[in-house]
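Keep the sequence and the 3D view side by side.

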Amino acid sequence: MSATTSTRAGSTATPRTSTALDTGESLGAFTTIRLGMKHSPELREGLRGTFALAVLASGGEVVVPIAVQQTLDRGLGADGGVDLGFTVLMGLLAAAAIVVTGVASYLMTARLFRAAERGLATLRTKAFRHVHDLPLLTQNTERRGALVARVTSDVDQVSQFLVFGGLLFVVSVGQIAVATVVMAVYSWQLTLVVWLAFAPLFLSLRYFQRKLTEAYGVVRRQVGAMLSAVSEPVVGATVVRSYAVADRTQARIDEAIDRHKAASFRAQGFTAFSFSLGGVSAGLANAGVVVVGILLMPDGWFGTDAMTLGTVIAFAFLVTLFVGPVQMGTQILTDAQNALAGWRRVIGILETPADLTDPGADGEPLPSGPIEVTFDHVGFAYPGGRPVLHDVDLTLAPGSRVAVVGETGSGKSTIAKLLTRLMDPSEGRVLLDGVDLRHVSQADLRRSVVLVPQEGFLFDDTLAANVRYGRTDADEAAIRASADALGLGDWLAGLPRGLDTRVGQRGESLSAGERQLVALIRAHLADPDLLVLDEATSAVDPALEMRIGRALERLMRARTSVTIAHRLSTAEAADEVLVVDHGRVVQRGPHAELAARTGSVYAGLHASWVAQQGRATDRVPSGAGEQG
Amino acid sequence: MSTTTTPEVVHDEDDALVGNRTKAATTWDGFKVLGIAIRREPWVFTISTLGSVLFGALTVADAWALGWATDEVLVPAFSTGETDGSMLWAVLAVFLGIAILRAVGIVARRVGAGLMQYRMQAHSRREVSRQYLRLPVEWHQRHPTGELLSNVNADVEAAWRPIAPLPMAVGTIAMMVIAVVQMFASDVVLAVVGLTVFPAVIVSNLYFQRLSSPLMTRAQQLRADLSEIAHESFDGAMVVKTLGREPEETARFGRVADELRDVNVRAGRIRAAFDPALAALPNLAVLLVLGVGVARVESGAIDAGAVVTVAYLLTVVAFPIRSIGWLLGNFPASVVGWERIKRVLDATGSMPYGTATSTATGGAHLEVDALAYSYGTGSTEGGDEVGLLREVSFSVAPGRTVALVGATASGKSTLTSLVTRLVDPQAGTVRLDGTDLRDLAAGELARSVAVVPQTAFLFDDTVRGNVTLGLDATDEEVWAALRAAQADGFVAALDHGLDTRLGERGTSLSGGQRQRISLARALVRRPRLLVLDDATSAVDPEVEARILAALRSTAGDGPQPSLLVVAYRKATIGLADEVVHLDRGRIVARGTHEELLAASVEYARLVNAYETAEQEEGR
């Protein structure tokens with residue numbers, strides 16, 4: 001694995017901020033199963049007992065052939081003529097054996113289901129968690145639909161296999177093994193005949209397996225593409241409508257659907273052909289058994305004393321025990337390939353390095369209270385991309401209010417991501433109170449540092465549940481206290497359902513501004529020592545804008561705050577302004593000082609802002625002079 | 001969370017539905033679903049069924065061949081000790097011939113079944129996605145994304161899963177019929193004994209269905225829930241990550257995953273009991289046949305070959321008979337899946353189009369006349385009708401710019417939805433160049449009007465594809481549009497320029513970049529009316545100013561388009577020739593920005609609120 005990982009990341013020397021996701025396609029079947037077992041230890045639990053029961057259950061299958069042989073040779077063909085008493089006794093014994101093996105089969109199946117479902121529930125939940133541990137970059141570049149598939153349909157596929165195909169596999173192996181043993185006891189020569197008849201099939205299975213692996217790999221990829229295509233009319237409903245591109249969208253969907261259909265059908269063709277060979281082998285085996293059986297009869301050309309009519313017929317029955325498993329074997333193989341592909345992908349998720357290693361309990365503690373922030377020669381580049389931040393080297397005083405300004409693409413958002421450790425720097429260190437962020441446990445970090453992102457994503461739940469994302473155990477009183485502290489108590493009271501207001505999918509029942517208010521209450525509840533704000537650029541309802549401004553002001557009190565500012569008014573209000581230009585911090589200082597430096601980057605930004613405000617209104621924008 | 005989450009609300013409805021369903025005969029419904037598939041793909045079904053019947057007939061022939069070989073070859077050989085070479089060749093020919101023909105049957109059956117299944121899946125997916133594209137926006141807003149995605153994926157698969165074992169099951173039934181005839185031909189008494197097994201297997205199967213179908217239904221619902229949670233959680237990954245909520249999210253997902261596990265284990269236990277029972281039934285029947293058979297041979301009624309044939313028939317039919325179980329076993333999930341698909345397919349609501357076309361050029365004339373709109377009583381908010389827009393009248397003259405200004409919930413976005421005909425008004429009309437929007441032919445409106453929404457949606461396509469959306473535009477035109485939208489810079493910096501693929505929902509770009517791509521999409525069409533619904537909200541004011549400047553100047557080489565903008569920023573409002581001030585669904589003032597500032601205290605308060613806030617905080 002490590003070899004694959006390092007190749008993908010390009011180099012092991014730099015921290016791997018890889019955007020790629022391990023698809024697991026390089027994993028062999030054995031490795032997949034081994035890793036799968038490792039990630040779902042429940043699968044291994046009680047496996048021996050289950051196998052023992054499987055062997056006992058398989059015994060049930062040979063009861064009938066043996067009973068037939070006994071009936072023919074000793075019931076019908078007994079020396080003293082037909083022996084009905086023997087037949088009845090033997091029949092009762094055989095019936096008892098069938099009941100016992102049936103019970104074994106019940107226990108085996110129930111155990112298998114339990115182990116499989118428990119193991120896969122674990123795998124599913126683990127993979128889900130790991131998706132959240134992946135770097136933000138990976139979560140973004142990877143299609144979200146595909147990530148969802150990993151923890152839903154891919155796992156279902158494995159589950160489906162383990163409790164259907166896998167169960168059949170266990171039963172089949174047991175059946176063939178027991179049948180072979182019984183055959184060998186009757187006649188090794190006829191056993192050889194049967195095995196020879198099935199040999200070509202066993203040999204060709206490898207070929208079909210390769211073909212199937214290939215074919216099902218294509219199927220899985222097409223499923224991903226198809227799912228992505230069919231999601232467009234759902235997620236982009238309004239755009240499709242307002243641009244009247246329904247036909248084009250449909251054409252793209254149809255194409256993806258057709259490709260998926262063609263790939264599935266091709267895979268099915270291989271499966272069908274390999275499946276049909278089982279029956280041919282069985283015909284060959286039966287013919288061989290009858291012919292060789294006659295040749296082997298005591299007076300035959302190669303006469304042996306042991307050969308009887310009952311034995312030959314028993315073989316015909318025993319051959320049927322091969323047919324089912326061998327035919328289903330190809331089916332099992334199909335399912336297995338399918339499941340293996342799904343399993344690989346899920347494991348691929350788990351094997352994709354989370355990149356940001358959490359020191360956990362070994363982490364250095366962060367003292368509480370306003371935090372001092374230090375950038376120690378920090379540089380950052382996306383993997384394979386140009387550097388977006390060069391040699392940022394500065395310290396921000398505890399409790400200070402800092403605004404980061406710069407043009408779009410200047411690298412100012414990267415600063416927010418590094419500060420909150422959504423990414424690690426490619427060079428240098430980010431230190432909080434002198435502690436390297438990489439040495440702080442995630443739990444500690446998230447308690448001390450909170451990012452209020454640009455877009456206030458909310459979960460489809462109540463308002464209360466959403467703000468509790470900031471602090472899980474917050475009761476209603478605590479939430480109201482936070483809202484009051486931010487001056488939002490009346491806003492909350494004004495909502496018809498207050499804290500029980502349902503916010504809708506992604507919070508869309510609320511306006512963009514209201515979503516921001518919720519995000520601010522959420523941040524206040526979390527009570528961080530360092531607040532990182534990616535200022536919302538969306539201009540919202542002015543009345544709300546005012547509220548947001550006030551709430552922000554209160555939220556920033558008694559904390560260190562770093563705001564990625566999109567408005568210069570924010571910069572005006574800050575203690576210190578960092579001006580980022582083309583990935584470098586080019587200016588730093590209070591607003592008034594920077595604005596006065598004519599010809600500087602900041603003076604340029606400021607001038608265009610003033611002009612823009614002036615165009616809309618004759619009033620002079622609230623200037624620095626009014627700021628205390 | 002635990003006290004406030006109510007995801008059950010949605011499910012209760014489904015469960016009630018399913019609860020009623022289970023009492024009805026799921027099996028019958030399952031056949032009805034299959035009937036749909038058969039009517040749609042009669043030829044594929046026929047071929048695969050013929051293949052399967054061929055297979056079944058030859059399986060019975062195999063048993064007959066064994067009986068024949070016993071009586072004609074084996075018994076004489078073993079009793080006389082003589083080997084007849086020609087008979088050995090006959091045995092070989094008969095057994096191999098049957099086997100090869102049977103293989104042909106198998107291939108026909110399976111290839112046919114696969115073809116039919118995939119065709120039906122593709123067909124349903126097309127139908128469902130067509131319906132998604134057809135149904136009005138208002139319908140989409142009422143259904144969770146996860147559910148709609150599940151309908152087109154998991155539900156389609158579940159609905160058509162029984163097709164795979166269908167031909168096999170039909171062939172098995174044919175085989176059973178032939179087997180019964182063959183058994184009666186061998187010996188009436190043995191046949192009657194053997195026959196008890198078929199009804200027993202079928203009845204057991206039905207009982208099994210009854211026990212397991214509610215569990216299957218529940219499992220499918222839980223799978224849909226899992227998908228919904230995963231979608232939402234991954235969508236909000238940023239929030240989850242920055243607030244360190246991974247454990248709680250994992251617990252939320254884990255709870256449903258565990259319930260799914262428990263349901264599956266329970267279903268498994270039921271299956272674990274039935275599978276061996278179904279396997280034991282034919283085996284016990286064989287034993288009975290042996291016992292009775294020996295008695296019959298003793299009495300001289302039949303010979304050994306008949307016993308062998310009947311016993312072998314029961315053995316070979318026993319395995320395929322389970323395929324009927326597989327078929328029926330897929331029914332509950334299939335019926336539920338189909339019903340979910342049906343709910344989408346049967347969803348009513350459409351947007352009828354007229355036949356009017358437009359040949360006008362230059363800026364469009366938009367007239368909004370006495371418009372009223374409200375969300376219906378059936379909304380989730382409890383039924384009281386919220387009048388969203390009332391008596392709204394205004395117009396945008398060709399080439400003019402009108403700004404819509406108003407507080408939250410004043411109805412601005414609803415108004416943009418109405419003028420772009422995402423929804424139709426309850427009263428009043430919207431006219432474009434004098435034609436009611438409802439009279440315009442499909443696609444006509446989009447040729448004249450382009451809207452840029454606040455939340456940009458990007459397709460899983462290249463930058464070029466996302467801008468043109470199939471419009472026949474040259475690269476120069478695309479670049480010009482990107483330039484006007486201030487998107488040329490970052491697009492040029494992308495690895496493959498215009499050919500760079502933008503991922504699902506365009507998440508590899510920032511919100512502001514997405515908005516600019518979405519703006520370029522509108523501009524490349526050279527619309528006669530451009531509607532910006534707060535479309536530059538995620539863009540820096542700096543960049544926004546340049547965009548607005550470009551919007552005013554692109555008209556330099558042609559007639560000026562009419563512009564309707566929803567705006568907050570003064571810079572944007574300042575561009576408008578006229579401002580329409582909306583308050584709680586009504587127009588309260590109209591005029592130029594300066595006029596409104598002077599005439600309306602409300603308006604002044606609204607647009608100055610931001611500055612006011614600044615001043616207050618400054619004190």
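Start in chain B. Helix H4 (residues 85–134) and helix H6 (residues 145–152) of chain B have axes that come within 9 Å and cross at roughly 150°. Helices here are DSSP runs of H or I with at least four residues, and strands are runs of E with at least two, numbered from the N terminus. Axes are lines fitted to C-alpha atoms, for helices over the stretch in contact, and angles run from 0 to 180 degrees between N-to-C directions. H4(B) and H6(B) are therefore roughly antiparallel to each other. The cut-offs: under 35 degrees is roughly parallel, over 145 roughly antiparallel, 65 to 115 roughly perpendicular, and the rest oblique.

Which residues of H4(B) and H6(B) meet? H4(B) brings Arg125(B), Val128(B), Ser129(B) and Tyr132(B), and H6(B) brings Leu148(B), Asn151(B) and Val152(B). Contact means that C-beta atoms, placed from the backbone, lie within 7 Å. By class, the contact of H4(B) with H6(B) has four nonpolar, two polar and one charged residues. Ala, Val, Leu, Ile, Met, Phe, Trp, Tyr, Cys and Pro count as nonpolar; Asp, Glu, Lys and Arg count as charged; the others, Gly among them, count as polar.

A word on provenance. This is a predicted model: local features need pLDDT of at least 70, side-chain atom pairs count only at pLDDT 80 or more, and totals for chains, interfaces and linings use all residues. Residues are numbered from 1 along each chain as its sequence is written, while chains are lettered from A and ligands numbered from 1 in the order in which they are written.

Stay in chain B for a second pair. The axes of H10 (residues 197–235) and H14 (residues 331–345) of chain B come within 8 Å and cross at roughly 45°. H10(B) and H14(B) are therefore oblique to each other. Their crossing is right-handed. That label applies if the near helix is turned clockwise from the far one by less than a right angle; anticlockwise is left-handed. On H10(B), the contact uses Gln209(B), Ser213(B), Met216(B), Thr217(B) and Gln220(B). Phe331(B), Pro332(B), Ala333(B) and Val336(B) answer from H14(B).

The axes of helix H6 (residues 144–151) of chain A and H10(B) come within 9 Å and cross at roughly 135°. That makes H6(A) oblique to H10(B). The crossing of H6(A) and H10(B) is right-handed. Arg144(A), Leu147(A), Val148(A) and Val151(A) meet Ser227(B), Ala230(B), His231(B), Phe234(B) and Asp235(B).

Now the whole interface. How many residues does each chain give to the contact? Chain A gives 166 and chain B gives 149. Helix H10 (residues 246–296) of chain A supplies the largest share of the chain A side, 30 residues. That side has 78 nonpolar, 57 polar and 31 charged residues.

Next, the record. An unreviewed UniProt entry annotates "transmembrane region" on chain A, including residues 88–108 and 161–186. Such annotations use the numbering here, have shortened feature names, and may be inferred rather than shown by experiment. Residues 88–108 of chain A are 100% helix and 0% strand, with end C-alpha atoms 30 Å apart. Residues 161–186 of chain A are also 100% helix and 0% strand, with ends 35 Å apart. For chain B, the unreviewed entry lists residues 87–108 and 188–208, among others. The span 87–108 of chain B is 100% helix and 0% strand, its end C-alpha atoms 32 Å apart. The span 188–208 of chain B is 95% helix and 0% strand, its ends 31 Å apart.

Finally, confidence. The model scores ipTM 0.77 and pTM 0.67. pLDDT is the predictor's confidence in each residue, from 0 to 100. Its mean is 80 for chain A, where 88% of residues reach 70 or more. For chain B the mean is 81, and 89% of residues reach 70 or more. Over residues 377–385 of chain B the pLDDT is below 50, and this stretch has three contacts beyond near neighbours in sequence. Residues 1–19 of chain A stay under 50, with 30 contacts beyond four places in sequence.

Terms used
Two residues are in contact if their C-beta atoms, placed from the backbone, lie within 7 Å.
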